[in-house]
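Keep the viewer open and follow along.

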Amino acid sequence: NMKLKDSKNNKIYEYEKYNLNLFKYWDEDLNYDFKIENDDNFGKLNIYKDGKLINEIIDHSDNINYVFYNRRLNMFATTSFDGFACIYILPGKLISIIKHPDNLYFDEIFLSSNPFSTIITYEKTNNTLYSYSLIGILIKTKKFYDPNIRIVPVFNIYGGSFRDRIKV
């Protein structure tokens, strides 16, 4: 603790240099649920915190097919049959939109946080992984020729020095 003296009122105030409550973030019970409620004309995503509806997202013009949440980034992402991937900061601020480069759609999306934040999408039709920056700039494309691959994210969404990776 440090002390400050108010010269006007001659009072002494104490404050904590470091708020230790910030380090309890990973121990908090963050109960977020994402429920896709597609309609005939658009994709709708409901976001719940502790069982209570906190936001409705209607940014896709077709059905949503995948949602991924990364607690460490406090972000989630959606993909849709409209060919777009949308990236959000909770509780639902849209920060980036990525259009599929070949006018198809992404089947899966992942948000990696370590060693640096990256958006990773997977498209089954061409069996291709795409890596993007958070603002949507394409970093790398990787095509696989074995049609029987399986994509598994191995992410440390709770912190630490473990590096995120995609297992193929």
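## Asn-127 and its surroundings

The side chains of Asn-127 and Tyr-122 are joined by a polar contact of 2.4 Å. As this is a predicted model, please read that distance as a computed value. To find Asn-127, look in the loop between β11 (118–123) and β12 (128–132).

Is Asn-127 buried or exposed? Its relative accessible area is 8%, so Asn-127 counts as buried, the cut-off being under 20%. Leaving aside residues up to four places away in sequence, Asn-127 touches Tyr-122 and several others, including Lys-142, Phe-144, Asp-146 and Ile-149.

## A four-stranded sheet

Now turn to the open sheet, where four strands with antiparallel pairing follow the order β6-β7-β8-β9. The edges belong to β6 (64–70) and β9 (93–99); each has a single partner strand, so one side of each lacks a neighbour in the sheet. On average, and ignoring direction, neighbouring strands here are turned by 20° against each other.

## Pairings and hairpins

β7 (residues 75–80) pairs with β8 over five bridges in the antiparallel sense, and Phe-76 has Tyr-88 in β8 as its bridge partner. Three residues separate these two strands in a hairpin, and Gly-83 in the turn shows a positive phi of about 95°.

On to the next pair: β8 (residues 84–89) and β9 run antiparallel and are joined by six bridges. Ile-87 is bridged to Ser-96 in β9, while Cys-86 stands opposite Ile-97. This hairpin also has three residues between its strands, with Gly-92 at a positive phi near 155°.

Methods
Residues numbered from 1 in each chain as written. Predicted model: local features only at pLDDT ≥ 70, side-chain atom pairs only at ≥ 80, totals over all residues. Heavy atoms only, no water. Pairing = 2+ DSSP bridges. Axes fitted to C-alpha atoms, helices over the stretch in contact; angles between N-to-C directions. Buried < 20%, exposed > 50% of the residue type's maximum accessible area, 1.4 Å probe, protein only. Polar contact = N/O pair within 3.5 Å; in protein donor to acceptor, adjacent residues only side chain to side chain. Contact = heavy atoms within 4.5 Å.
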